[in-house]
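Biologist: I've got this one open on my screen and would like to talk it through with you. Can you take my questions one by one?

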Amino acid sequence: MGNFSFSLIRFLALHFLPNSIHQSSCAFQSEIPTESNHFHIVEISSLLTDSNCSHSATVSSKEEGLKLFHKYGPCSPSKHGKANAPSVRQILEGDQTRVNSKLQSKLCGKNNVKVKWDSSITLQYVVNVGLGTPKKELTLVMDTGSSLIWTQCQPWSSSCSSTSTCLYGGAYVDGSSLVGFLAKERLSVGSDTFNDTIFGCAEFANVSMEGIDGILGLDQGFLSFVEQTANTYQRVFSYCLPSKASEIGFLKFGKAKPVSKSLNFTQLGAGYAVNLVGIKLGNTKLPIAFKNGTASIDSGTIITRLPPKDYITLREAYRKVMSHYQLTKPFGAFDTCYDVGSLLKLKIPKMSFLFADGFVLDLPPTGIAFPLNSTLVCLPFAPYPGGDDLVLFGNVQQKTLEIVYDVAGGKIGFGYGGCK
């Protein structure tokens with residue numbers, strides 16, 4: 001009897017225990033792998049926009065700056081909202097158009113000022129300012145790639161017809177266009193006012209503004225807001241783009257007290273050029289060496305663009321590290337997307353941008369995995385079109401960072417947790 005019992009136990013162990021171990025192993029593999037120093041473990045819900053605005057506090061002091069809203073989010077000004085929000089695919093197509101197109105127009109004869117206009121579908125972050133006397137509140141998109149403050153002409157602006165002496169115009173490669181003139185008017189930004197601010201007053205525009213009133217140009221052109229307010233703000237401004245459209249960021253002008261205690265500066269050049277030299281993924285410095293002077297930071301470009309050969313290097317390394325997820329079909333500009341099923345958390349590799357002076361910028365998780373919905377996430381990078389060796393540091397990788405543009409000092413600062 002004893003021998004029979006031992007033989008039965010041995011039989012059960014040999015035939016059923018391995019299967020139990022296999023089933024247990026499969027169940028474990030369906031969970032999120034253990035966190036390490038080279039990975040982020042993030043909740044998928046933290047990457048998705050909520051239906052309600054996450055913050056109700058108002059920005060009232062000069063130190064706090066202007067509230068920065070996502071144009072299509074629930075926090076956006078009531079007249080804009082998300083009723084006509086484009087799809088993710090349409091936004092990505094608009095982003096591709098922005099990268100592809102270069103619109104130039106001449107202002108005031110021999111000055112030959114080059115002005116870039118871009119489809120507003122990619123310009124997603126808006127602030128409220130005042131224009132005119134009495135003040136009319138406008139919602140303008142913030143764009144570090146635009147060189148002019150621009151809005152459509154309105155009957156309330158007394159100076160539009162009386163002081164206009166300079167015509168301007170332009171046309172997109174996609175056929176849209178605008179025609180108008182330069183005018184002067186009082187501009188109100190928070191508690192500050194600026195008399196005789198030069199802005200573009202468009203009498204005709206078939207550029208779709210998607211419910212916004214115009215553009216607040218923040219580049220280095222002499223008619224940009226940064227240059228026109230240099231005596232007050234010393235060519236310094238900062239912003240934080242919120243992690244998702246249901247949250248609020250800020251836009252500040254002048255040398256305001258930084259929000260982030262981790263703020264570090266690196267060199268900033270003409271055209272908002274930054275000295276990016278490489279990328280680190282996990283604990284590995286990738287074999288990428290960007291050419292000097294080829295990278296720039298842009299608030300209006302959504303996803304970061306890399307030289308094609310460098311993008312392939314990043315993509316292949318990313319796919320290798322993300323092999324625990326199921327690679328699925330491409331989506332628009334994204335060719336590396338994953339079906340994560342019903343998982344609640346993601347394990348994604350940490351990623352850093354490397355600068356020439358040794359500064360290392362750790363990207364937030366929002367810049368490493370882009371959620372199309374609760375089950376699909378993609379690598380938010382793409383190759384620069386035409387095979388150019390250019391880098392565009394897009395706004396997806398800028399989210400949650402406090403970014404300080406000290407244009408006069410020729411430097412740019414990055415700090416973590418900037419929207420707090």
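Predicted model: local features only at pLDDT ≥ 70, side-chain atom pairs only at ≥ 80, totals over all residues.

Biologist: Let's start with the cysteines. How many disulfides does the structure hold?

Modeller: A disulfide is a covalent bond between the sulfur atoms of two cysteines. Here Cys-53 is joined to Cys-75, Cys-240 pairs with Cys-419, and Cys-337 pairs with Cys-378. The number of disulfides in the structure is 3.

Biologist: Take Cys-53 and Cys-75. How many residues apart in sequence are the parts that this pair ties together?

Modeller: The S to S distance for Cys-53 and Cys-75 is 1.9 Å. Cys-53 sits in the loop between strand E1 (39–43) and strand E2 (66–70), while Cys-75 is in the loop between E2 and H2, so the parts tied together are apart in sequence by 22 residues.

Biologist: Now Cys-240 and Cys-419. Is that disulfide right-handed or left-handed?

Modeller: The two sulfur atoms are 2.0 Å apart. The torsion about the S-S bond of Cys-240 and Cys-419 is about -105°, so the disulfide is left-handed.

Biologist: Where do Cys-240 and Cys-419 lie, and how far apart in sequence are the parts they tie together?

Modeller: Cys-240 is buried at a relative accessible area of 0%, whereas Cys-419 is partly exposed at 26%. Cys-240 belongs to strand E10 (residues 236–240) and Cys-419 to the segment after strand E27 (411–415), so the pair ties together parts whose separation in sequence is 179 residues.

Biologist: That leaves Cys-337 and Cys-378. Which strands does the pair tie together?

Modeller: The sulfur atoms of Cys-337 and Cys-378 are 2.1 Å apart, and both residues are buried. The torsion about their S-S bond is about 105°, so this disulfide is right-handed. Cys-337 and Cys-378 are 41 residues apart in sequence, and their strands are E18 (residues 337–339) and E23 (residues 376–378).

Biologist: On to the greasy parts. How many residues does the largest nonpolar core have?

Modeller: In soluble globular proteins, nonpolar side chains tend to be buried together. Among the residues with the most contacts inside the largest nonpolar core are Phe-225, Met-351 and Tyr-405. A second, separate core of 12 residues includes Ile-91, Leu-92, Ile-302 and Val-396. The largest core has 71 residues.

Biologist: How much space lies in the largest pocket?

Modeller: Its lining is made up of 29 residues, and among those nearest the centre are Thr-49, His-70 and Phe-370. That lining divides into 17 nonpolar, 8 polar and 4 charged residues. The space in the largest pocket is about 630 Å³.

Biologist: Which element gives the largest share of that lining?

Modeller: Helix H2 (88–100) and strand E22 (370–371) each supply at least two residues of the lining of the largest pocket. The largest share is 3 residues, and they come from H2.

Biologist: Last one. How far apart in space are Gly-214 and Thr-151?

Modeller: Gly-214 is part of strand E9 (residues 214–217) and is buried, with a relative accessible area of 0%. In sequence, Gly-214 and Thr-151 are 63 residues apart, but C-alpha to C-alpha they are apart in space by 4.3 Å.

Methods
Residues numbered from 1 in each chain as written. Heavy atoms only, no water. 1 Å grid on protein atoms, 1.4 Å probe; cavity = no way out; pocket = protein on both sides within 12 Å on 5 of 7 lines; lining within 4 Å. Points joined across faces, edges and corners; volume = space filled by probe spheres on them. Helix = DSSP H or I, 4+ residues; strand = E, 2+ residues; numbered from the N terminus. Nonpolar A, V, L, I, M, F, W, Y, C, P; charged D, E, K, R; others polar. Core = buried A, V, L, I, M, F, W, Y, C linked by side-chain atoms within 4.5 Å. Buried < 20%, exposed > 50% of the residue type's maximum accessible area, 1.4 Å probe, protein only. Disulfide = S-S within 2.5 Å.
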